[in-house]
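Let's take a friendly walk through this model, starting with its strands and ending with its rings.

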Amino acid sequence: MNKGRFGEFGGRYISELLVPVLEELETAFEKVKEDKEFKNKLDYYLSKYAGRPTPLYFAENLSKKLGIKIYLKREDLLHTGAHKINNTIGQVLLARTMGKKRVIAETGAGQHGVATATAAALFGLECDVYMGKEDAERQKLNVYRMKLLGANVNIVDAGSRTLKDAINEALRDYATNFKDTHYVLGSALGPYPYPSIVKYFQSVIGIEARTQILEAEQCLPDYLVACVGGGSNAIGLFAQFLDDNTKMIGVEAGGKGISTGKHAARISGDGQKGVLHGSLSYILQDNGQIRETHSVSAGLDYPAIGPEHAYLHELKRAQYVSVTDSEALEAFHLLAETEGIIPALESAHAIAYLPKLAKQNKNKIIIVNLSGRGDKDVEHVAKIEGANL
């Protein structure tokens with residue numbers, strides 16, 4: 001990787017005002033990576049507070065049903081219910097070392113917002129979270145959780161009223177208040193150095209999974225499978241296997257079907273190269289205008305993908321596929337009924353691809369990153385299915 005680039009992807013497409021701000025952030029990040037005290041603090045809070053290491057669980061019932069060996073990396077068991085806490089503890093600690101008094105964040109499904117609010121409360125920083133109105137409607141529980149944790153939740157009623165628009169508002173805030181504010185970007189996207197920062201803090205997923213699968217199977221897995229919105233949980237898992245023969249599959253949101261145009265499949269759909277939120281990647285656009293996206297899962301409902309994922313696709317090192325809303329909902333029930341685990345709708349997209357993978361790969365070893373739990377989605381799914389709560 002050239003500085004700030006993954007091949008041609010990535011970069012820093014931002015206003016001149018933010019260039020020195022991100023250079024300061026880059027310098028601080030490179031410093032803490034080498035700082036033993038910082039790393040010890042990070043390890044302490046990840047283990048004693050967040051609950052790492054997370055188990056690598058052999059899903060025996062699901063494995064028998066599909067004819068493949070499925071291991072679930074249980075990020076759903078972390079404090080706050082998803083992998084997002086790995087990154088927010090790291091970034092809020094980083095913000096504190098930089099002398100910042102306030103953090104801001106964007107959120108789609110609400111998990112990153114909750115995780116940022118949690119870390120801010122833990123370390124005594126003010127917190128503002130931006131969330132699209134549509135996402136806030138389908139994730140009311142997480143909106144209340146953020147407020148309960150002391151965060152100000154700013155509802156964005158502009159554009160598609162989803163994650164893209166929340167990021168727009170967070171970037172505006174950052175440009176205005178950067179002197180005392182750090183933007184805790186939640187996924188492996190945005191201007192450099194954010195993709196590298198998020199990858200670094202999420203790489204603990206792959207570090208643990210690699211050790212755990214070697215202990216369980218005495219070999220590396222044949223496949224890694226993870227859902228991909230911006231791509232933080234996937235890159236966290238993939239990063240430790242890039243030099244191996246393990247195949248990697250990122251599952252995007254196929255929404256109501258690629259042909260309908262109502263989806264969020266940037267690589268496996270009809271995305272094109274372009275710039276969004278400070279980074280060059282694959283984007284859903286029409287004549288340079290960002291398209292509205294759709295997914296049953298708020299966390300995957302975003303028109304761009306992290307630049308390293310775009311690069312892995314170009315290298316043919318990773319494969320990117322999509323599943324529809326209906327397939328994700330089926331998988332939501334499938335995992336609950338076979339293993340007693342209710343996945344986040346985002347993670348259900350990864351589970352939904354397993355029957356397709358199993359058809360041609362009997363007896364292969366698969367690690368699925370179960371990036372979050374589905375408590376937040378139960379009311380939303382019940383409403384879709386017409387169930388009374």
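## A strand between two neighbours

Strand β4 (residues 69–74) runs parallel to β16, with 6 bridges between them; strands pair if DSSP finds at least two bridges between them. Lys73 has Asn369 of β16 as its bridge partner. Strand β9 (residues 223–227) also pairs with β16 in the parallel sense, over 3 bridges, and here Val225 stands opposite Val368. Helices (H or I, at least four residues) and strands (E, at least two) are DSSP runs, numbered from the N terminus.

This is a predicted model: local features need pLDDT of at least 70, side-chain atom pairs count only at pLDDT 80 or more, and totals for chains, interfaces and linings use all residues. Residues are numbered from 1 along each chain as its sequence is written, and side-chain values use heavy atoms, leaving out hydrogens and water.

## Covered on both faces

In a regular strand the side chains alternate between the two faces of the sheet. In β16, Ile365, Ile367 and Asn369 on one side and Ile366, Val368 and Leu370 on the other are all buried. Buried means under 20% relative accessible area, exposed over 50%, and partly exposed in between (1.4 Å probe, protein chains only). Because 6 of the 6 residues of β16 (residues 365–370) are buried, the strand is largely enclosed by the rest of the structure.

## Charges over rings

Lys69 lies over the face of Phe58, 5.7 Å from the ring centre, and Arg210 lies over the face of Phe241 at 5.6 Å. The criterion is NZ of Lys or CZ of Arg within 6 Å of the ring centre and within 35 degrees of the ring normal.
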